[in-house]
Number of protein chains: 2
Amino acid sequence: MKTILVICDGLGDRPIKELGNKTPLEAAKTPNLDKLAREGICGVMHTLGFGLRPGSDTAHLSIFGYDPKEYYHGRGPFEAAGIGIDLRPGDIAFRGNMGTVDENLVVKDRRAGRIRDTTPYAKALDGIEIDGVKFIVKPGTGYRVGVVMRGPGLSSRISDPDPHELDVKVHEAKALDNSKEARFTANVLNKFLVKAHGILKNLEANKQRIKEGNPPGNYLLVRGAGYVADTPSFEKRYGLKAACIAGAGLYKGVARILGMDGIKAEGATGLPDTNIESKFKTAVKALNQYDFIFIHVKAADSLAEDGNYKGKKEFIEKIDKAAKQLVGLKDTLIVITADHTTPCALKTHSGDPVPLLMNGPGVRVDDIKEFGERNCAKGGLGHIKGLELMPEILNIIGKAPLVGA
Amino acid sequence: MKTILVICDGLGDRPIKELGNKTPLEAAKTPNLDKLAREGICGVMHTLGFGLRPGSDTAHLSIFGYDPKEYYHGRGPFEAAGIGIDLRPGDIAFRGNMGTVDENLVVKDRRAGRIRDTTPYAKALDGIEIDGVKFIVKPGTGYRVGVVMRGPGLSSRISDPDPHELDVKVHEAKALDNSKEARFTANVLNKFLVKAHGILKNLEANKQRIKEGNPPGNYLLVRGAGYVADTPSFEKRYGLKAACIAGAGLYKGVARILGMDGIKAEGATGLPDTNIESKFKTAVKALNQYDFIFIHVKAADSLAEDGNYKGKKEFIEKIDKAAKQLVGLKDTLIVITADHTTPCALKTHSGDPVPLLMNGPGVRVDDIKEFGERNCAKGGLGHIKGLELMPEILNIIGKAPLVGA
């Protein structure tokens, strides 16, 4: 038996007056998801635990059965892995933006006018070595870059040089503990950022941007220092050959760190215009090569973060249309859920549980007729935690080890 | 967004034949609580965990998010704090009664005829020093006193001198482990109790009682040795300025140890005659000064401990009448629950879960129409643990920290 797990980012919501006190999912017309729910079993999932407000990174780790307390040490590594950097034990990784500073190093634009391609910027900085530490710099999507420090004696216990706000001077990285390693790491990073600024100021691409009246990408703003724990692969842990279909970097990164293969789906963008049908079709096709396919669908979250409940509802209807591809598959467990709730009213993640449906041979079909937050709370799976999802999946597909004898 | 948390002590119960197999809460007419439930979300709470039988002290600590495993080291400190003693690290605190013994130190009345005011008794003993240990003795309500030992090298690992029964000689405190500190503490306490008995025997107030034919308060019966853990304040922990409105000592004590302010409400007694409406009105008024108001309502528990299911039902109707004050508040989360179940049939605490309702902007209103134990078990919150309530409250009021990024 195979598994397709669809994580609809930020799918959960709270009742919205303008939708007749329904959530976007409850208000959306979702005949395919409803059919999967009706012929399956539903529940709600508290990804990190009751009331806890999950980040996207910790939420995904929990869903895959990797306790964030053990396997989460900052977002940087997941972002870096997501843009294709293979991390090694001891590496320190950061999320980075190309930003714009003035002559006094005061931040004027945290995204340098939303530069569309950081390839020449990353190339100019990639491979620099300082005090025995090599800097790996790779372009991400848009204005984003991934930055990795590789060398002996490094620590992730340093503060963010990115001040996270405008009209403030860039910060110096500072050690967050008294260790030699943290002080060394902060010191080397600070030297690198000064050197990088010197290189970026004189970069041909920036001269061009200034000529065109655009803010130059003249400063590398890095944040979220982290390292990768020694992480057993998903395949080793569960005996399931797994692949990921995702548009956005972070989710590819989580999958890569868990040793999942990445599969490209035509038209997958991580944006509302993404081709979900293509992702689902690609997944179904890949079932002959893989046991477990993780599909990430991003935009419900982004739309909710803009407070766009109408857009979120419509995007959910788009997911539903594509979900026709998942109805009636043989010998396949379909799991549809979210990493966290993003209420349109709050425009950010909340700790409310997410809806969950499991459809496949052998599940104890309950009497939930429509897929939605409040219906799912009455479902046969009850309330589960994120770390309980993988054991439940293994149980249904017949791969759970016997505990005891 | 503000929060009012109402803890109705011992509110939960079991079906009672004489009430048509309903619980007192189910049998009571509670239009206001029902309205709050109907327009909110319900669940049941296992204060300490499934089937565990909570004390009032451990239950309250759990509800406020302080794991009793870490923060509970005996009831004494909470009782002592409740009568206004500020405890310091290293203090050992006891619950105390003024009791009556005969000439052979055999207990004849554990409450000395329910003495109504222990002020002269406490005054006569307060401040005595023995072997470098100072005894602080303060009057509680009725026949109760709080006793604190202050000095270096003390331990709470000693047995109760109070024999907890009649017609038995008072006990000597004994060390419960082999430490020097426990032996020292038991020894000093025993010396003090002998000295105290000598003083009390000759107390003017006791001569008066004997003259009136009342049993004298001639022995200090102490029990429940405990110390206070280093406890971070509620405000520090959650960023919420908090206050407590309670009639009974223990609850004031828990609140004081968590750094909550105490607010007096006219007519709050901790007894069935208490003015609940005054407590709720006082809470609503205090919302302009505080983020979080904890209201404790005691008598449902006391009535259940007397097996008085009719009285419990009527008291619940009194709570309901007063709860009109809590209906329709703006930008306020109302949480109504209990610390534990006290079945009238058992006359003591049980481990059955307690009903829980949360009413306020943003909650996923479920389809529970009436507030009651069995309805709540079908509610949208499902089954939660006491330690999960504060995370859920923080989530709803938008104060939950993001875990991850």
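User: What ipTM does the predictor give the complex?
Analyst: The model is predicted, so confidence comes first. Chain A has a mean pLDDT of 96, and 100% of its residues reach 70 or more. For the complex, the predictor gives a pTM of 0.92 and an ipTM of 0.90.

User: Which element gives the most to the side of chain A that touches chain B?
Analyst: In the interface, 28 residues of chain A are in contact with 19 residues of chain B. On the chain A side, β3 (53-54), α3 (56-63), α14 (373-376) and β15 each supply at least two residues. The top contributor, with three residues, is α3(A).

User: How many charged residues does the side of chain A that touches chain B have?
Analyst: Sort that side by class. It has 12 nonpolar and nine polar residues. The charged residues number seven.

User: Which residue is the bridge partner of A:Arg53 in β15(B)?
Analyst: Strand pairing also links the chains: β3(A) pairs with β15 (residues 402-403) of chain B. The sense is parallel, over two bridges. In β15(B), the partner of A:Arg53 is B:Leu402.

User: Which strands of chain A stand at the edges of the sheet?
Analyst: Eight strands of chain A form an open, mixed sheet. The order is β11-β10-β12-β1-β13-β14-β2-β15. A strand with a single partner has one side left without a neighbour in the sheet, so the edges are β11 (261-262) and β15 (382-385) of chain A.

User: Which residue in β14(A) is the bridge partner of A:Val335?
Analyst: β13 (residues 332-337) and β14 (residues 354-359) of chain A pair over three bridges. They pair in the antiparallel sense. The bridge partner of A:Val335 is A:Met358.

User: Which are the edge strands of the chain B sheet?
Analyst: Chain B has an open sheet of eight strands with mixed pairing. Its order is β10-β9-β11-β1-β12-β13-β2-β14. Each edge strand pairs on one side only, and the two are β10 (261-262) and β14 (382-385) of chain B.

User: Which residue in β13(B) is the bridge partner of B:Ile334?
Analyst: In chain B, β12 (residues 332-337) and β13 (residues 354-359) run antiparallel. Three bridges join them. The bridge partner of B:Ile334 is B:Asn359.

User: Is the crossing of α3(A) and α10(A) left-handed or right-handed?
Analyst: α3(A) packs on α10 (residues 249-257) of chain A at about 35 degrees, with axes 10 Å apart. A:Ser56, A:Asp57, A:His60 and A:Leu61 meet A:Leu250, A:Tyr251 and A:Val254. The crossing is right-handed.

User: How far apart are the axes of α11(A) and α13(A)?
Analyst: A:Ile276, A:Glu277 and A:Phe280 in α11(A) meet A:Lys318, A:Ile319 and A:Ala322 in α13(A). The contact has four nonpolar, no polar and two charged residues. The crossing is right-handed. At an angle of about 35 degrees, the axes lie 8 Å apart.

Note on methods. Residues numbered from 1 in each chain as written. Chains lettered and ligands numbered in written order. Predicted model: local features only at pLDDT ≥ 70, side-chain atom pairs only at ≥ 80, totals over all residues. Pairing = 2+ DSSP bridges. Helix = DSSP H or I, 4+ residues; strand = E, 2+ residues; numbered from the N terminus. Contact = placed C-beta atoms within 7 Å. Nonpolar A, V, L, I, M, F, W, Y, C, P; charged D, E, K, R; others polar. Axes fitted to C-alpha atoms, helices over the stretch in contact; angles between N-to-C directions. Left-handed = near helix turned anticlockwise from the far one by under 90°. pLDDT = per-residue confidence, 0-100.
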